[in-house]
Each structure stands twice: as structure tokens, then as C-alpha cells.
Amino acid sequence: MSSDEPAAWLFVGPWLGGLVLFIGLPVVVMAAISLTDWSLASTPHFVGLENYTSMVTDRKFLQSVGVTVRYAVLSLPILLVLGLALSLLLNRPIRGIGLFRTIMFVPSVISGVAVAVLWFQILNPEFGILNQLLRAIGIENPPRWLTSPDWAVPAVVLTSIWTVGGAAIIYLAGLQNIPAQLYEAAEIDGAGPRQKFRHITLPMLSPTLYFLFITTLIGSFQVFDVAFVLGGSRGSSGSLLFYLLNLWNEGFRSGRIGYASALGVVFVAVAAVIILVAMRASERFIYYEAEDK
Amino acid sequence: METTIVASRRRRRIRWPLVAGRGATVALLILLSIVVLLPVGWMLTVALKPDRVPVFTIPAEWFPTKFFAFDNFIRTMTLPDRPFGLYMLNTLTIFAGNLVGTLFSCSVAGYAFARMRFRQRDRLFKILILTMLIPWQALMVPQFLIFHTIGWYGSYLPLIVPSFFGNAFFVFLIRQYMRTIPRELDEAARIDGAGHLAIFWWVILPLIKPVLAVCAVFVFLGSWNDLLGPLIYLERNSQFTVALGLANAVTLRGTDWNLVMAANLLMMAPPVIIYFVLQRRLIGGIASVGLKG
């Protein structure tokens, strides 16, 4: 078939233009500004890599990396495992299963702000319903959640567990794509439920698992709305200072444009490296490429 | 796929451990549904309380008991300080702009990737996949500077115009859907002398309405739930969106929580209603992305 140029360039034009204008150009601008000491109060000077080297001793930067990494390490396995467990439940042939699927998925269409507003009160140490429940089952001194340095990040993890139905629905689609014959053949060979899960379900789900691993990991770096609502002003120096919240504070509240740009460069670079490594690590990911030819 | 599983299970003899397992599954699903739904019931209880009674009680009240102040919903929409009704209208305005922009720019780009041959197509598609994964919130500082420089700060333009320049996720979704349409349809039109524009407009566009509907819902969720964009670009209270208005209401202390919870319910309602109405189609759309990944 002959080439469709130049018409094709008209069709991809808007997207390509957007890529240049709203991603390419800002990346270049950000990288350039990150080499200056530009702040709202002064004219910019070139300072080389000073913004980057000063991160090493910046208490707030280190705090924000710590909070973000802690959240990622804690939430990633929990969300991946609970999402899979929930999808296995939702895949059982039970009457009315559609209703359960609907209910479990509802929280994941609700915005981060709305979820946070709700959980802000659920997590209240005195009259919040979570601690009332914990006291009712005999825990006398339940965690103080958002006001406790140790429990604030786990509290955010709790809010994301409430919305785990989103991951479960994607798992469920993966589960339903596994041919039933595989299980039937395994049963004839005398495989039990555990063996079927280990040798059929898990391998067949690996592309889904992989997709969810990357998106959940990247998602855990992107926490902003929930931290902004739950952390309030405390988020700016406290235990809910997620990376993007710190970046926003530096850029839009402190007006340190040069430094905030350097934070942005580091963020994009780390995310890009993780994604590229993950893509390399998996032959599966180029699946749709092969299907193209 | 699901029906085959159900059918094969039905043919079997009744096995009691299986029945017991099924009972346990149902019990667990009911418990999980309660965990999801009770916070929402509690929120409704709070939202329906008049100003004079304490909003939070020990023990917590899960369902509206004796207070049914439905006018709280009207009051929260017309509060002079934070008119949630106006915020809703503002958000819908932004959504309308984003809807037009996204459907236009993403369907033409999707067509190019699905149906046209041009140099670097496969490489561009790889870039598209990559841009889908990288968290671009990190670009908030340079994007803000660019929009500020051209005088768009304080208007809806930075929140709407980028949608006219494509979005990797929607281009991907539309392209995947177009590939399921038989090429014979295009070929027939081509033989009749139709060019790409005519084929796109008269043949393809009418056939991809289902995926456009899915995109429309995601665009709505994006506009309705976005906090960071409005937070950065909007200046005056009269321009604010639902997410921004609600987040501001919480971060201020001494808030009237019955009205905030009423607003929160108004924020949650549209996504949940749309999800209920379109759930089958939506889950198909989400699942296709997960499976391809």
C-alpha cells in the first residue's frame, strides 16, 4: 500500500503539535530554568547545577522523597494483592455478582478530592468512624492517623485501599480472558485449586499484573489531591509532604521557580527511567507492536 | 467467556465444599460492600443534619435518623462564600470545551495511527505510549510560566485549549477500537473515490461512537475531578471548579460540615450516576487498555 503522506501529517498534526507545545517545550523550559536561581523576588542568574546539589541537604526535599517512597513501598504490594484477591472473589459464578462488581467499583470513579473530604472525617482520631470501630473491637488507643507522623502515610494508603475496585476491574477483565479449557484440562490432570492458580491464573494474568504494577507505581508518585486535602497546611512541612505537594509549594507558594523546576526535572527523569527499565524488563509489553505487522 | 465458565460449573454434581466456599464468598462480598457503602451512608446522614445539631456523634450514625434537612443541598449550592452551584456550572463549561477538543483531536490522530501509512508511524506510536505513562504534573511550573506569558492566567484557556492538541490515552483508546472495524468498509469507499477525510467522516466516525462515548465519560471525570489545574490557573472565587471549591472548604477551619458533606455528595453524584448508566461500556473500555498493556 502506498504512503498516505502528507494527509497523515494533518491527521496526527494536532497531537504532534500538542506533544511539542505542551510537553516538549515545557520540558526544555523547565530544564533551562532549573539552572537558574529565578525566584519571584529577583531576576534570574545562571547558577549551574546548584539547585540540584542543594537538594541533598534540603530537609523538605528529603522529607518529600521519604513520604513518597514510603507510600509507594507500602501501597504497591497491598493494592496489587488486594486487587487480585478482590477480582478472584468477583469472578466467582454467583447470582447477583454484577451488583457486587458495581458496588466495589463505585469508589474508584469518585474524585480524589471527594474521597479525601470523606476520609478526612472518617480518620478523625476522636469521633471518626474508623477509630470508633477500632475502640468497639477493643483497641483502646487507636492510631491518631493524620495527626501522627507514623500513621499519616498508612492513613493515605487506607483511602487508596477503599478505591481498590478500580484495579480489581482490570484484573477481572484479565481473568475472564483466560480460556476455560485450560482449567478443564488441568482438572482432568488432577490439578487442585492452588495448582490451577499457580500454573494457569498467575502466568495468564502476567500482562495485566505488569500493567497494573507500572500504573500503580507511577500513580503512587503522583499523589497530590488527597495529600492537599488531608494534609492541609500541615502537608507543607509535615508527614504528608508528598513529592508533588512539595514541588507545588516551592514553585507556587515560595515562588522559587528555579528550584521547583529542578525538582520537576528530577521527577520526570526518575519516572522516565523507571518506565524504560520496566519496559525493557518485559517482552510482553511490545505485544501490540507485534500484532501490528 | 463468563457464560462458558458458568455453564461448565452447572453441569457438575453438587460438591459440598464448593457450596460452603460459595457461601463464604457471598458473606465476604457482603462484608466488603458494607465497608464501601457505610461511609457513604454516614456522609449522607451528616449532610442531612440541620445546623443546630452536632454533626459528628459517638457512636456514629450510619443512616439518616430523624434529620432530613434536604434544603442543605440548596443552601450549599447558593452559599455566598462558596457557591457550589456556580462551581458546578463552571466545571461543566470547562468540560464542554474539553469534550469538543478531545473528540476532535484524538479521533483524527487515532485514525492516522489505525488506518494511514506514513514515515515514523511506529516510532511515533511508541512515543505516544511512553507519554501516556510519564506523570506530566511535574511540568506544572514551566506550563504555568508559558500560559502566564501569553496572558492566559486567570482564564479557562489553559484548562481547555490543550485538549484540542490530543491526549495520548484517548488517541490510544480510539486507535485500538478503529482497528476492530473491518478494512473492507474503507476499501469499498476508497474504490468509490473517497479520500481519507471522507472515509474518516462518513465511514469511520459513525462506527466509533461507542468508544467516543467512553472517551466522553473519561473527559468528564477528568474535568470534574481535576484539582491541580484549577488550583494553578484560576484566580477568582467566581471562576472556581467543584474540586477546587471543595478542597478550599476543607482546608479552612471551623467549617460547617453538614454543608461540606452535602457538597461532597453533589460532587460524587454525577460520576457515580454516569458510571451506573454506562457501566458495561465503560468497563469494556478500561479493560481493553489493561489487556493491551
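Apart from neighbours within four places in sequence, Pro135(B) is in contact with Ile218(A), Phe221(A), Gln222(A) and Ala271(A) in this predicted model. Pro135(B) lies in the loop that links α5 (121-133) to α6 (140-149) of chain B.

The contacts of Pro135(B) with residues of chain A belong to an interface in which 82 residues of chain A are in contact with 81 residues of chain B. On the side of chain A that touches chain B, helix α1 (residues 7-33) of chain A gives the most, with 19 residues. By class, this side of chain A comprises 60 nonpolar, 16 polar and six charged residues.

Chain A contains 14 helices and zero strands. The C-alpha trace of chain A spans about 75 × 75 × 30 Å along its principal axes. Of the 293 residues in chain A, 39% are buried. Among contacts in chain A between residues at least 6 apart in sequence, those joining residues at least 24 apart account for 66%.

In chain B, helix α13 (residues 242-251) is largely enclosed by the rest of the structure, because eight of its ten residues are buried. The buried residues of α13(B) are Val242(B), Ala243(B), Leu244(B), Gly245(B), Leu246(B), Ala247(B), Ala249(B) and Val250(B).

How values were computed: Residues numbered from 1 in each chain as written. Chains lettered and ligands numbered in written order. Predicted model: local features only at pLDDT ≥ 70, side-chain atom pairs only at ≥ 80, totals over all residues. Contact = placed C-beta atoms within 7 Å. Helix = DSSP H or I, 4+ residues; strand = E, 2+ residues; numbered from the N terminus. Nonpolar A, V, L, I, M, F, W, Y, C, P; charged D, E, K, R; others polar. Buried ≥ 20, exposed ≤ 12 C-beta atoms within 10 Å, placed from the backbone.
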